[in-house]
Each structure stands twice: as C-alpha cells, then as structure tokens.
Amino acid sequence: MSIVGAKVIRKEDPNLLTGRGQFVDDIQPIGTTHMAFVRSTEAHALIRNIDVTAALECEGVVGVWTAADLNLPALPGVPGLERPALATGKVRFVGEAIAVVVAESKYAAADGTELVIVDYETLEAVTSIDEATADNAPLLYEELGSNTVAEVTTADDHQAIFDGAPHTETIKLVNNRCTAAPIETNACLADYGPAGLTVWASFQAPHHLRNRISAWLGIPQDQCRVITPDVGGGFGQKINFTPEFFVAPVLSKILNRPVKYSQTRSEAMTSMYHGRAQEQEVDIAFDDNGKILALRVFASQDMGGYADGTGMGMPVLTTAMSAGCYVIPNVSIAWRNVLTNTTPIAAYRGAGRPEATYLIERAMDHISYKLDMDPTEVRRQNYIPKDSFPYQTHSELAVYDSGNFEGALDELLNIMDYEGLKEEQNANRTNPEKPLLGIGFSSWLEIAGFGPPGSLEGFGHLGSWESVQIRIQPDGSAIIYTGASPHGQGTVTTFAQIASEYLGIDFDKISVRHGDTATIPQGIGTMGSRQVAVGGEGVKNASLKIVENAKSIAAHKLEANPEDIEVTDGNLFVKGTPSKSLSWAEVATFSFQRLELPEDMDPGSLDTTILQEVPNFSFPSGAYACVIEIDKQTGDARIRDMYLVDDCGTVINPLLAEGQVHGGVAQGIAQALFEEFTYDENGQPTTATFIDYLMPGAPDLPSYKSGRINTPNPNNSLGAKGIGESGSVGTPPAVINAVVDAVRHLGVTHIDMPATPQKIWEVLQGGSK
Amino acid sequence: MIPAKFDYKPAQSKEEALSLLAEYGDDAKLLAGGHSLLPLMKLRLATPEVVVDIGSVDDLSYITDKGDVIAIGALTKHRQVEQSDILKEHVPLLAHSASHVGDPQVRNRGTIGGSLCHGDPASDLPAAILATRATLVISGPSGDRTVTSDDFFTDFWETEVKEDELLTEILIPKCTGEKWGFQKFNRRAQDWAIVGCAVQGGDNPGIGMVNMGSTPVRAAEAENALRSGSSSEEVAELADSGLTPPTDIHGNESYRRHLAKILVQRALDN
C-alpha cells in the first residue's frame, strides 16, 4: 500500500506532547540577559524627550538604549518607507518600540521599562482609511504629503457594460482587522561572540532572516546563523521583520553576552503584524439569468503605521483573485495602500485571498437576492467549466491550473440535505420555539503553492523555489534537510511519507531536519501553502535521483542492468530474481566505499540537493456550506454545521490535510463571528487582551463534516496543490452568507463581520440593513 | 504579563492571615485561588508589595448544613460548590451558578470567597449570592461581623471587606424545593457574561443580575413584581428597571437592557 495518501500519525507529536519540544524561550545559554522594549502608549506623537536615568539605576538593569544611542539603520522594508528599529522622533502606533532595556532577568527588564519616561507631543491620530484619506488628514509622514503610499487605478472601468446591464449592484465590504495570535509570541535569542552571530528565532523563514540580518549588520552570511527551533505557530505573522530580531544582535555584540527577548501576550497583541483590514467597493453587472457581466473592485488596504512589504502586496493578491471560480468577461481592479496610526498589517493565513473570496462570494449572494434565485444556481450560472484549464483570468498573476468548481458544489450538496434544511428554515421562521436557520455557501478558490520564479522575490525573498537535500546514511536510513520551516504544519511527516514512497525506505528510518542555516541548504521558508506543492515535489525528485544512483550501485554488485533493479520493502533486487538482492543498508554502505562502486561513480552519490522550482502557482478550491442558527430574541448566532468540500489535488496525508482545514475553518469562523481588532478615536487599542479580542476555542466551534474531490495539480508530478490556507479563505463568506440568509425574510442584505449578537439583534429590530 | 516584585507570605490559619494583614496594611493582598489577583498582577494593574497566600488555610474550606442555613467556607473551591450534594439539595441555584464559572481548571483553583471579594459585576457568583439573600461573615482584628449581600458590594471591584479583614464564611438560607433559574449570555464558553441573571424563587424571591451595573446588582423592581405574583412577562419587563448597565465592546446599554429582560424571562420560565 502506498504511504502517500495514508493517515500516518505525525512524527512531530511525541516530542511536543511529552514536553520535549524546544522553543526559543526554553534555550538559556550561560550569561543570558533579557531584553524588553519601552513601547509607545501614543498612537501618533512626536517624541520630545526620553529620560532613561531612573531605569539605568534600576536593580538588575544592564543598560538602556534609544534610537539616538544606537544610531541604527532602518529595518529592511519598502524602499523609502522603511520602519526604524527604534522610533526616531515620532511614533506612529501604540506598541511601537521606543527604547530597549537589557537586564539580568526578565523581571528586572520589565521593571526597567516602567522607569523610562517618554515625553510625547501628541498628534491627532488617524485610525481608519476614511480618516487617513480625508482632506487635511494628519499625516504619518509629512514629507510624503499623503497617507496613501501606493495606488493603482483601473485601466478600464467598463462603464458601458454597467450602463447597459439589466442589473447592477454596488456592495461595500469591510474585511475586519484580525490578529493571528499564535500560541508562541515573537521570541529571539541573539548570541554574538568572536566566532560570529547565532540568532534563535521564532520565525517561518530562517534563511530569509539570516540573509537580512547579516546584510543589515554588515557581516558575512557564513558568520551569521539563524536557528528556528520548535515554533509555536505563525500564520504569516512570523515572515516579516520586527525590531527585536535586529536589535537583539546589536545589543549582544555591545554586551558580549546572549540577549533574549520573549514577548508578552500584551505586547504581541499590538506589535505583531495584524492581518486583513481591507475595505472594498464592489460593483457587479449581471443579466436576468444571474450571469455576471462585469465586476469592478476597488480595494483599500489599511497598512497600519508602517508599510510592510508583504502588507503592500495584500490588495495585489485580492484584486488578482477577485473573479473567484467564475467566468467574468469584464473585470476592472484598482487598489490603494493607506497608512493609519494602528499596528502595521502584513500576511495572515490566506493573505489577500480571504478578502477576494469574501467579496466575490458576497457578490454572488447579492445576485441571488436581487433575482430571487437560489445561491447555488447563481454560482452554477457562472462557474468556469472544468474543461477550460489552464484558465487565464483578468490578472497576469492568476492562470488557474485546474479545477472542478461545479463538481465540488455537487459533492457538497451530496453530503448535506439542502432541501431538508430549506424546509426547516421555512418552518422555523414562523415557529417561536425555533431559531432562525441560515444556509450559506461559498465556492472558493485561492492562489497557493508560492511559487513560480519571481513570485516570492516580489515580497523580498531570495527565490521562489524550495531546497531539499537528502542524505542516505551508511545504515540505509535517510535524513532530509529542507529550507521549509514548518511550525505546526506536519511537514516532517509529509516529507518523510513522500521520501518513503519514492526511496522505498521505511518511514521510520527517515528524519526531516529544518530550521538551521548552518546545516540546511539555503532555503526560502514556510508560507503561501507552498511546502507540499513545492518542497514536497523536491523531496520526490531528490528521492528519484538517489534511487537512480542506488540502482546503479546495486546493479554493479548484483551484476545486472540498472534498469532491471527494483526497490521494495527496503531492498534492491533484480527484477524476477528476488534472491539476487541487497538491502538499502548494504547499498548505502557501498555508496561510501570506492572499491565497491562502478568505475564511473564517486563515493557520496546518495546525497543530493535540489532547489525545486514550479512553473505556476497552484489553485486549491472547494465548496463550503455553513448552517447557522440565530436566536430570535438575542441575535446570538451559533453554527450548527460546517460542510467542507476541499479540492487540493493529491493529498499526502488525509489526517494532516483535515487538520489544516479544521484550523483554517476555525480562523475563518473566528473572523466572521468573533474577532475584530479595534481602536478608539485616539488610536488606543480596545481589544488588546483575550478578554476583548474574542479568539474562539474548541468549545465555541462546531464539528465539521468533510468531503473531498481531487483535481490534480498539473504543474507538479505529485499533483498536490496545498491546503494550509484553504479553510481561512473559504469560510468567512459561507458564514456571513448563512447569517444573512437567516434574516433574508426581513429584507436584510448584509451584516458586517464579525456578526456579533448585538449587530444581528439590531437587524432583527429593523435597526439596520 | 510580568508582575512587579512582591514578597510572598503563606498563611497557615485565619489568625495568621489576619496578623499578616495587620502587619502590612494596604501593601498586602490576599491570594486565594489567584484567578482575579494574578492576572491583575501580571498586567501590573495590581502591584502589592506583599502577597498573603491563604490558599492552604484548610479550615476555611467546607460546606455545612446548619439547620436553616448552609454555611460555606470562603476558601471552598467553585468545583466543590458545583458538586456539593448539600448545595444541590438546599441551594441548587448556587451550585448551578458555580458550574458556569470559567472552565474546569478555573473551577478547581478559584474560590467562592475570592470571587465575591473581587466584587466583579461580571462574575456569576455575586448574582447568586444576591438572589439567595446570603449573609457574609467578615473576620477582622476585632472579631467577626456579618453583612448582608446587599451591603457587601460597595463599588466597582470594591467590597465591604476592609484591608485588615478577611471574608471567612457565606451563610445562605435554605431554599429547598423552591424554583430557581440561572441564565448566562456570553460568546465563548469561558467568557464572563455579557449579561446574566440568577433568580431564586420562594417567599422572598431574589433576582441577581450580572454585568448590569458597576457592582453586582439586584433587579429590585422585578423582584417586587415577582413577590406580588406578576407573570413572568411582567417581571421580565422590569429586569433592567432602575439599573445602569455599561456600554462596552461586547454590548451597548440598550442591548444589555434587552438581554436582561430576555434572560430573566428565560430564568423564570425554564
């Protein structure tokens, strides 16, 4: 039986579940000092003075530094908009690092930060896109003359199509600001000694960080080592640069001692990058059959206080993917990036695609409202047929690889009783004992498998490939070294499965190592649902290359032709003559012994490195449905069922694929019903604790009912598309479509995320539409 | 999330705790289950110089039938309150309310006295204490005194317990066989209530409200209606009467007023 596609238990778990995992904060070299930041309590202010006198006298404090003391270059970032390592002259959001304290303990460091006195001259804050783009708005950068730092206008607004269309609709949507809030907050430990710099970091892309730190410090990359040990979740929040990763090495060099930073949750809520925070104006034109004629999208991206390179790309991805699963003959897109006095925005699980899916899937339901047509029928009217791939969209970025969108909907309706639910919905509306029932659909599609050459370079990465090195050990076991940097995805397991499949080596004799720039070939990292589609393909190709060499060695020893050698159950044998066989261990040992090898083969042939490239992105898709119950008296919305049909092409491990979907769906439900990071008019965060930021837990989420279809990815030989972000992409519109469906009979056409009980209650009162 | 420096003084008895409080005055804070104090200390919203740990004062942990009343030691854990057969029989409202506090881990650490002394209007137990018209025994340097639950909660996070005092016992009149109801409206399983209510039936019925004011409060007008035999609809309509619920990120004032009515009706009807 093939091990690819099998429900293999994670190799990672025994270590983690028995407390033997090792996270940055667990690492404690002798002499370690502790770093803490003085963070801005103002959203927008000039810094008049920073008084560190009292902090320097605090027991246990080793030193206190401001930007003026260290004279650091700005962090790597968007040219012209780089963010300072420590605030210089001005602060632009609550939580921005202003000064840094190093002490003998984390307690003394925290004491020290409380004694630093910052004298602010408060400026008026802008906390929304509307405020930031208003005439005479306060400017984050006076010298730019505007808070809008990038803007792309549409080439053709297709106004003639709209003018002539039987129906048009304009929809305004807010994709609420969220924070991923991984269990492990940001952490790093820098040890800069005579032999060079080692940084342990909770990060998703160790080589990326290594390369940037070394360039920033001006030290050769060979003397700069980044280690990402166990990392407790990232969701995109750990691929971007924040001051700690750069300041800690500097202070370690100054002090000649290790410097550790382990962020508190309170800090993480305001200083780790947020996600989403996009507003959209969407116009659609459609005919009497629900066929969409034109789509116009204007996406305004809130960048927060500093423009992050990844954050800048969010509306690019949104507008590239705005047409979703549908044939839309006329699409016009425009977007802008706007600075506000809030926490900076970057990638968060889905990164631009949840925003795209939300807008097009809300638009589909608006068509159904207008035409009084079933939402599944509206979608069927518009799907890209399954024989139309590759499919060139309006965007150069998005050439859909393959898909079967209607097939996914068919399978979805197969695993749910839609007709029965509709009857129940009708009956419940008039029965005071029963909740309102809502059924919401989402036919979603996302861009993943980042990516083809050039795709990640645009976000500042060295390349878009992934590195895989396989080294067969003399005993026939295998170690895979990869630039992928998993932090919960289970890549150690999936890569071992793929290698086992193609090497013919037992799964239990394959280890996967990652997260150390000193031992791993230059890699890219884990982001953009890329590790199976890119790195996994590399594991397969490296395995095949090694097997070819192993067969040559076996053929030489067994006096046969290499093409007659087969690999099964850990042995290499001559086809048809199982008695003529060598174990993998024997072949592996011979591979290191000159005298055992064919004349044209050097020792070390069972060791190969591949930088795996892929020709296109992958486009996972699916169809989700949400069944929600709304308490008629309180407006409380509780999801009864989530039906999930995913199409991620080939599944390596159904257990892990399902786990990825469950986690993503949880985050999608969180965005739709629970989470929103908000600020008051002065830019003070109002949801900076888990009391106010409603991240749901397992008791607050439904069980999921899953189905699956399989449309292979034609651009890699595994056929895999990636599934890391699917749930968070496909879920929010399904949930909101369900919420609105539950109250449609009252004439309601929209409720913003998160659909809180109070909002729904107000709608039930007729308070808003 | 890193507390300021403090001294830790474990007390083995009520007397030792009182003597430590006398010694350190307002520099000291009592630590029982820690579920209110420790988060505040980690956020440095509370910075006591001395933490007096009464967590191991065993003789303040009990649930005893005293005839007309049930006596509960202040250090009795929520879990014990929740599972007590005595309470299930004689004050089922309190046992049920305790089952809604936090999650099992919280309930295995948190104490009834700690929750009451925190005086949080968003907590469940104060509402039950108000509804059942409990009496609270406070020990201090000059001995014990009792206050009614009505007088116990004095301001936001403030109670009648003075700096040199210790809540030691809660006395609750038996409500054996009477009707009762408890409703808690929240978003996540572990959240505090956006609004909640504890309703105790009987000759002198009580309705304690959660998160409907700056202190735990009683819905007095609704209670009067209930006492005079009004219908559940009429009682519920008065649930917010005379109260000033807060507006915050989880619900505005008018939503809370609405929820109060719905929840009281449900508590009465179910």
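Reader: Into which domains is chain A divided?

Author: In this predicted model, domain 1 of chain A covers 13-123 + 183-233 + 238-271, and domain 3 covers 465-612. Together with domain 2, which covers 278-450 + 616-764, the division is into domain 1, domain 2 and domain 3.

Reader: How much area do domain 1 and domain 3 of chain A bury between them?

Author: The centres of these two domains, taken over C-alpha atoms, are separated by 39 Å, and 16 residues of domain 1 are in contact with 15 residues of domain 3. Of the area buried between domain 1 and domain 3 of chain A, 49% lies on carbon and sulfur atoms, and the area itself is about 1,200 Å².

Reader: Which three residues supply more than any other three of the area that domain 1 of chain A buries against domain 3?

Author: The three residues in question supply 46% of the area that domain 1 of chain A buries against domain 3, and they are A:Gln204, A:His207 and A:Arg225.

One of these three can be followed further. A:Arg225 is one of them, and A:Arg225 also forms a salt bridge with A:Asp516.

Reader: How far apart are the closest N and O atoms of A:Arg225 and A:Asp516?

Author: The count between domain 1 and domain 3 of chain A is one salt bridge, while nine residue pairs are found in polar contact across the interface. In the salt bridge of A:Arg225 with A:Asp516, the distance between the closest N and O atoms is 2.6 Å.

Reader: Which element gives the largest share of the side of domain 1 of chain A that touches domain 3?

Author: On this side of domain 1, α7 (206-217) and β11 (224-227) of chain A each supply at least two residues. The largest share is five residues, and the element that supplies them is α7(A).

How values were computed: Residues numbered from 1 in each chain as written. Chains lettered and ligands numbered in written order. Predicted model: local features only at pLDDT ≥ 70, side-chain atom pairs only at ≥ 80, totals over all residues. Heavy atoms only, no water. Domains from an automatic or database assignment. Contact = heavy atoms within 4.5 Å. Buried area = accessible area lost by both parts, 1.4 Å probe. Salt bridge = Lys/Arg side-chain N within 4 Å of Asp/Glu carboxyl O. Polar contact = N/O pair within 3.5 Å; in protein donor to acceptor, adjacent residues only side chain to side chain. Helix = DSSP H or I, 4+ residues; strand = E, 2+ residues; numbered from the N terminus.
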